[in-house]
Amino acid sequence: ITVALVNANQDKDALNQHPTIPQYVEGCERRASSLGCRLNRFWLYEPGMTGARWLNIFKARGIQGVLIVGMMKQNRIPDFFLPVVENLACTVTGVRTRKPALSFACVDHHTLALKAFEKAIELGYRRPALVLDRFIDDLVDGRFSSGYFRGQGALPKSHRLKPFYAVEEARKQPELFRNWFEKEKPDVIFTLYNEVRKWLKALDTEVPDDVGLIQLEWRGLETGYAGMNQHNDLVGESALDLLVGMIHNGENDVPEFPRATLIGSSWMDGQSVLAKSTVCA
């Protein structure tokens, strides 16, 4: 089986240089090797390309399916690529697409956020807060915030803090974060962004002594961070498994009932939170 690994990120080098996408690719390549599949890499936004041209190229190279990787700014397949997804088996990593909805694999964002919340409570924190760009939460259909709000159900109403969604705005106006932080007074923060630590530092707030910090995408690269390992390499493996199954079953168009594979996450200890005995002291 020959598969097209299509980089759907606006950055042509994202398969190698993005903080997250190479993990998907690692899993795709590992599974392809074990299954005897061949992967051909392509960039979706290659200048001058149309869906018809892509389809002709794929057919000329004997490509039987397409694995779409790197959709970080949208969850809709570009119109010009529709002739491909309507004529070849296609799966997506990382997000659930719409218009059209394709079979996909991604981390279970809802359970990830809920597990992070429950771990924070287990450690003794009582005022957890979420700092997340609203655009990212919308991209995954609000599953990060839904897990966070589900976790809040175990807390008294006075400890159910409002999330901070204005991340992009705060990069230009840090006072937005300061105003939120001083109003909500969290004792631990869930986030995806390293700059949160810098914002806290600017407020003379130390991690973890004054406030804990939990990364919702722990990559093993940010030394000392505690957080959730999304296992995105396993997401890549699962997306390829879905695709190979579709190819074997002759499913060469947009599925009437798209399949979803959700990958569980794991808690990773780190120095950005205090030990349970210290928090509770």
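A: Start with a definition: two strands pair if DSSP finds at least two bridges between them. The model here is predicted. Now take one pair. Strand 3 covers residues 65-69, and strand 4 covers residues 89-93. These two strands run parallel and share four bridges. Look at Ile68: its bridge partner in strand 4 is Val92.

Now widen the view. In general, strands of a sheet pair through backbone hydrogen bonds.

Next, the helices. Helix 9 spans residues 175-184. Its buried residues are Phe177, Trp180, Phe181 and Glu184. Seen down the axis of helix 9, they fall within an arc of 100 degrees, so they line one face of the helix. What do these buried residues pack against? Their partners are strand 6 (128-131), helix 8 (167-170), strand 7 (188-191) and helix 10 (195-202). Just after helix 9 comes Lys185, with a positive phi of about 55 degrees.

One more residue, this time in helix 7. Arg143 lies in that helix, which covers residues 143-152. Arg143 has a relative accessible area of 12%, so it is buried. Setting aside neighbours within four places in sequence, Arg143 is in contact with Arg96, Cys106, His109, His110 and Asp137.

Notes. Residues are numbered from 1 along each chain as its sequence is written. This is a predicted model: local features need pLDDT of at least 70, side-chain atom pairs count only at pLDDT 80 or more; totals for chains, interfaces and linings use all residues. Side-chain values use heavy atoms; hydrogens and water are left out. Buried means under 20% relative accessible area, exposed over 50%, partly exposed in between (1.4 Å probe, protein chains only). Contact means heavy atoms within 4.5 Å. The arc is that of the directions from the helix axis to the C-beta atoms.
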